[in-house]
Amino acid sequence: MRKIGIIEQISLDSVIQQSADENDFPYGNWTAPYRTPAGRELILAAYGESFGLLLGRRTYDMWSGFWPKAPSGLMADRLNAATKYIATHRPEGLAWGRPRRLDRTSSRAFAASRRRTARALSFRVASR
């Protein structure tokens, strides 16, 4: 069984925001001017050389419209090469990268794993 790692990019004031290009939101991607080469290297190191992506259908559709057209670079190349595991009921339109649709059994197993992890984490927090 593979491990699932979660990487969340969040600003110091706890903002997680989509880019300005998505959904016509004018204030998105406001952290871009504050990014540094060192921060970029930390993100690339956290992802590693090769990885798989666990994506919902909306995120897959959004990213598949952007990343294949992005200029070649470490992040774009790694994201485009990654195997994509997509939780979806609609198999059509999965053409970006190496897509693998999660079937009902996989989706149920993942959901059960999340519930077990959530219970374990809540127990640890409550017992401190």
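Tutor: Two strands count as paired if DSSP finds at least two bridges between them. This is a predicted model, and its open sheet of 3 strands runs in the order β1-β2-β3 with parallel pairing.

Student: What makes β1 and β3 edge strands?
Tutor: β1 (52-56) and β3 (98-102) each pair on one side only.

Student: How do you know that β1 and β2 pair?
Tutor: The cut-off is at least two bridges. β1 and β2 (residues 83-87) have 5 bridges in the parallel sense, so by that cut-off they pair. Within this pairing, Leu53 stands opposite Lys84 in β2.

Student: What makes you say that helix α2 packs on the sheet?
Tutor: Contact means heavy atoms within 4.5 Å, and helix α2 (residues 57-66) touches β1, β2 and β3. Its direction makes about 115° with that of β1.

Student: Which strands does helix α3 touch?
Tutor: Helix α3 (residues 74-81) also packs on the sheet, touching β1, β2 and β3. The direction of α3 makes about 60° with that of β2.

Student: What pattern does the chain follow along the sequence?
Tutor: The pattern is α-β-α-α-β-β-α, with 4 helices and 3 strands in the chain.

Student: What makes a residue buried, and what percentage of the chain is buried?
Tutor: Buried means under 20% relative accessible area. Buried residues make up 20% of the 128 residues in the chain. The chain exposes about 10100 Å², and carbon and sulfur atoms supply 56% of that area.

Terms used:
Residues are numbered from 1 along each chain as its sequence is written. This is a predicted model: local features need pLDDT of at least 70, side-chain atom pairs count only at pLDDT 80 or more; totals for chains, interfaces and linings use all residues. Side-chain values use heavy atoms; hydrogens and water are left out. Helices (H or I, at least four residues) and strands (E, at least two) are DSSP runs, numbered from the N terminus. Axes are lines fitted to C-alpha atoms, for helices over the stretch in contact, and angles run from 0 to 180 degrees between N-to-C directions. Buried means under 20% relative accessible area, exposed over 50%, partly exposed in between (1.4 Å probe, protein chains only). Accessible areas come from the Shrake-Rupley method with a 1.4 Å probe; for residues, only the protein chains shown count as cover.
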